[in-house]
Amino acid sequence: MTSASSTGGGAPPERPNRFPEVFSPSPETLARHRARLLDPPTALRAPDGSWPLTTAYRADSLLLPAREAQSLRPEEPNDYNTALESIGVELQAPGEPGWLENLRRVDPELPVPVQLVTRSDAATDRAPDPWSALVRLRNAFGEDLRGRQIGMNHLVTAASVTVEGAPVNHGGQVDGAPVNHGGGMGESRIALYTGSRNPVAMLGRRPVRRAAAQLVGARRPVVAVLDTGIGRHDWLPVGPLGTDPVVEVSEDFQLELAAHEPWLSPHPLVDPADQPDVVRPLLGLTDSHFGHGTFVTGLVHQMCPDARILSLRVLESDGFSTEGSVLLALDWLRRRVEHAIEHGLPDQLVDVVSMSLGFYPETAAPGEVQQVADVIKRLTDLGVLVVAAAGNDATTRPFLPAAFGADPVGGTGNSQLAAIGALNASGVTTAAFSNDGPWVRRWAPGNALISTVPSWQGAANPGVGIPDGGGVGPRMRTSPDPDDLRTGFAVWAGTSFATPVVAGLIAESMAGDPETNKRFGTERAHTALKLTDIRLEERGWL
């Protein structure tokens, strides 16, 4: 049984079978994030009659340009709600002053979330569906530009392998069976990756940092990391700029993010710190992506100790967030860089943005979700380089924002947005899980990497635990404890982690190569990217 075409005429086009359904968050995850999963066989067709692809999206909002969102007034008719009246829903602007203040700060074209609610006079017992509302609006607006500027508030996910839910066997068995170090597939249990935030002991020394005065341009390159936040770690001291910290956070950004969706109270991302046990706090179980941002930050620090990392928390500790939150972070960075250029504040500049996250849109043509590309371009036009993870589903289905990277074959994309695929630890072979596509032009190891995690011990216990010395002790004899992260280091896998390796190499080029000693702008960014490509090629990764 198929759904009727939204266009209402002619035979429905065949459903494309080009991509497997690679993205299926659990019902618990969808409920936690107020999200829906678009089901192609039962969903409305797109305005052109095409089948949508599976995607996850917030069930309570649509994205509208900020200038359009500001024009929504309670009790005043508007074209959006007139078009939606027949399906019993409406867009409702919150009345909180902080929300309107936010809209005045951001770029007028920035897509911002606006609540979608059931009309008070609607005779329905169903919650609003943003996809159905989007189709209705695009049909109503036709060729009007507004129709193309509306979008769903997609669920964004971290691009690391999951710590839970995969058939993971973290080590060898007592009877000598073959070791499987990570997630597998099929009856043969072929390992696809090594490391799922497994604790390890780091016996090497911490990276050595030079004084800023010794660096090219006498300033530290700044890498913005959009992730789960930052946790406590000796390698990664957090502090104000005057203390020359390794990591900088912005409470102003987190407060602005909270004001972005005032109907979420309390907002889950108001704190810049990595959170360990939000999903099951009464049990003390460690969340699946706790430490993800700290791990990414540690990789940047290992590749370029001289860099300063600006940590913006946009992902929750289960590895999910929304497109609207990520877009706001990118616009916040744009405003920071513009302010720094205008007022001559070099310490406020941002050189590289590292994004170990993304989403699969409902279309196989990334250009149909152009809002994301436009927000990134406004940032890269200033001279900021963006690196983004290619995704971990062994597919060529476009994973955004990485798929907006330059495509040398098609001659499209943003040349200052680098999509990063993952290699195995040797750097010689491609990681089995890594996505690919013509936009993936740069590669780095993303399997079995060791980096920093916050010091933490969760409630999970080792499977075996008895007093040592024939039951006398005092030390315990145990099997590995999967969430005993007190060493402060772990091994993990994903294009999430290949991405900061490249971001760190770019920062290293900016810190040490005299060729990058140019005025902040696109010419300097292109030079740094070319020098980084040389570094990648020397390692055999390009």
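This is a predicted model: local features need pLDDT of at least 70, side-chain atom pairs count only at pLDDT 80 or more; totals for chains, interfaces and linings use all residues.
**Confidence.** I started with the chain as a whole: its mean pLDDT is 88, and 90% of its residues reach 70 or more.

**Helix H5.** Next I turned to H5, residues 130-141.

I then asked which residues of H5 are buried. My list reads Pro-130, Trp-131, Ala-133, Leu-134, Val-135, Leu-137 and Phe-141. A reminder to myself: an α-helix has 3.6 residues a turn, so residues three or four places apart point the same way. Among the buried residues are Pro-130, Ala-133, Leu-134 and Leu-137, which I find handy to view with that reminder in mind.

What covers these buried residues? On the strand side of my list I have S1 (35-37), S2 (56-65), S4 (111-118) and S5 (151-158). The helices included in the cover are H3 (79-84) and H6 (145-149). After H5 comes Gly-142, with a positive phi near 55°.

**Helix pair H7 and H9.** Here I looked at how H7 (residues 251-260) packs with H9 (residues 323-343). Their axes are 10 Å apart and the angle is about 135°. H7 and H9 are therefore oblique to each other, and their crossing is right-handed. From H7 the meeting residues are Phe-253, Glu-256, Leu-257 and His-260. They meet Gly-324, Ser-325, Leu-328, Ala-329, Trp-332 and Arg-335 of H9.

**Helix pair H12 and H13.** I went on to H12 (residues 495-512) and H13 (residues 522-538), whose axes come within 9 Å and cross at roughly 115°. H12 passes H13 in a right-handed crossing. Which residues of H12 meet H13? I found Val-502, Leu-505, Ile-506, Glu-508, Ser-509 and Met-510. Their partners in H13 are Arg-524, Ala-528, Leu-529, Leu-531, Thr-532, Arg-535 and Leu-536.

I noted a cis peptide bond between Ser-265 and Pro-266, with omega about 0°. Pro-266 sits in the loop between H7 and helix H8 (292-303). The bond from Leu-400 to Pro-401 is cis as well, with omega near 10°. Pro-401 lies in the loop between strand S15 (385-389) and strand S16 (417-423).

Is Ala-394 buried or exposed? Ala-394 is exposed, because its relative accessible area is 51% and the cut-off for exposed is over 50%.

Asp-244, not a glycine either, has a positive phi of about 50°. I located Asp-244 in the loop between strand S9 (222-227) and strand S10 (247-249). With a relative accessible area of 37%, Asp-244 counts as partly exposed.

Conventions. Residues are numbered from 1 along each chain as its sequence is written. Side-chain values use heavy atoms; hydrogens and water are left out. Helices (H or I, at least four residues) and strands (E, at least two) are DSSP runs, numbered from the N terminus. The expected span of a helix is 1.5 Å times one less than its number of residues. Buried means under 20% relative accessible area, exposed over 50%, partly exposed in between (1.4 Å probe, protein chains only). Contact means heavy atoms within 4.5 Å. pLDDT is the predictor's confidence in each residue, from 0 to 100. Axes are lines fitted to C-alpha atoms, for helices over the stretch in contact, and angles run from 0 to 180 degrees between N-to-C directions. Angles under 35 degrees count as roughly parallel, over 145 as roughly antiparallel, 65 to 115 as roughly perpendicular and the rest as oblique. A crossing is left-handed if the near helix is turned anticlockwise from the far one by less than a right angle, and right-handed if clockwise.
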